[in-house]
Amino acid sequence: FIPSRDFLPRGSGIVTRRPLILQLIFSKTEYAEFLHCKSKKFTDFDEVRQEIEAETDRVTGTNKGISPVPINLRVYSPHVLNLTLIDLPGITKVPVGDQPQDIEFQIRDMILQFISRESSLILAVTPANMDLANSDALKMAKEVDPQGLRTIGVITKLDLMDEGTDARDVLENKLLPLRRGYIGVVNRSQKDIDGKKDIRAALAAERKFFLSHPAYRHMAERMGTPHLQRVLNQQLTNHIRETLPSLRSKLQSQLLSLEKEVEEYKNFRPDDPARKTKALLQMVQQFGVDFEKRIEGSGDQVDTLELSGGARINRIFHERFPFELVKMEFDEKDLRREISYAIKNIHGVTGLFTPDLAFEAIVKKQVVKLKEPCLKCVDLVIQELINTVRQCTSKV
């Protein structure tokens, strides 16, 4: 978005491994600064790229790991419009290097954290040489913005389409219509980047491509990176204007809540017994809530490495207890003999019908055998409850 400036890392594989929050700010002088090293002003944009790569590696390692912790970068320049962009990792399907097996879901969750916010505009980027119906970007945008009110489609790699094909229907918003439409761009190839092709030259080549292409020349004024920049600036201005009233009321309610808290703390006395009692009650109440969540399995943090809390107790009842019961020795021949003796003994000298006492005596003898596995099960459950209590008390 900045003519003659090239500072975002580019290459094959997954290059963006942390979200990059990029604030473009119109200014008479041109420089960049990072939030993690605010004292330093970068005027050499090659250094900016190197710092992005170094800061990424500091948190994620050098072997393709990812992290949701963003890098904050501000670029001041006379060649930009005021705009804030968040550069997110592309969706990858197969883990490489140090990436975990669930890399696709991790990146997906990271992207959703940003695009789910009602106040953000979604820039759904799709290459033209790929079927639009298979676009991960558009699919995810549709999930959080089904009406398409804040999604802008960007079609790249128009110059790489097979000869005789074009993306005219897409760019004219006929194939998969979006409320805000699609804008086509032609970026530099990896060869151009490696050969340090000037961005101004790249923009001129992009302009020439749209003006000379028979399928796109009639809409050349609505295509290209400079037009995308203007549209984004305008759309963002409109979007801010629309979302500002609700944002203002939300901030006002938060402010009132904070003012109320401040009022409470004005007369704060650390040794006040009433405050101590209240704090203790809150701790006990929170402990109860945490314990219940762990047992019911409705906690915020879900353990993906091992079973915990209620799940372990559930396993005792459904796996360990039945296993202990199956281990019990049982001989049908002996049981039949015991039943026969019990009936005969209770009949005594006379007797016509099978007495209830015989049934009761046999059943009681069998039920006693269940006592040991039941007590074992109770002990295991108690131990799990103690462990759960210990985990909850770590907060206290």
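How many salt bridges does the structure hold? The structure holds 12 salt bridges (a side-chain nitrogen of Lys or Arg within 4 Å of a carboxyl oxygen of Asp or Glu). The model is predicted, so local features need pLDDT of at least 70 and side-chain atom pairs pLDDT 80 or more, while totals for chains, interfaces and linings use all residues. Residues are numbered from 1 along each chain as its sequence is written, and side-chain values use heavy atoms, without hydrogens and water.

**View 1. Helices α9 and α12.** The axes of α9 (residues 310-327) and α12 (residues 371-393) come within 10 Å and cross at roughly 160° (axes are lines fitted to C-alpha atoms over the stretch in contact, with angles from 0 to 180 degrees between N-to-C directions). The two helices are therefore roughly antiparallel (an angle over 145 degrees). Helices are DSSP runs of H or I, at least four residues, and strands are runs of E, at least two, numbered from the N terminus.

**View 2. The salt bridge of R312 and E384.** The closest N and O atoms of R312 and E384 are 2.9 Å apart. This pair joins α9 to α12 across 72 residues of the chain. R312 is partly exposed at 26% relative accessibility, whereas E384 is buried at 11% (buried is under 20% relative accessible area, exposed over 50%, partly exposed in between, with a 1.4 Å probe and protein chains only).

View 3. R49 pairs with D46, with 3.0 Å between the closest N and O atoms. Both residues lie in α1 (residues 45-60), three residues apart, about one turn of the helix. R49 is buried at 16%.

Terms used. Angles under 35 degrees count as roughly parallel, over 145 as roughly antiparallel, 65 to 115 as roughly perpendicular and the rest as oblique.
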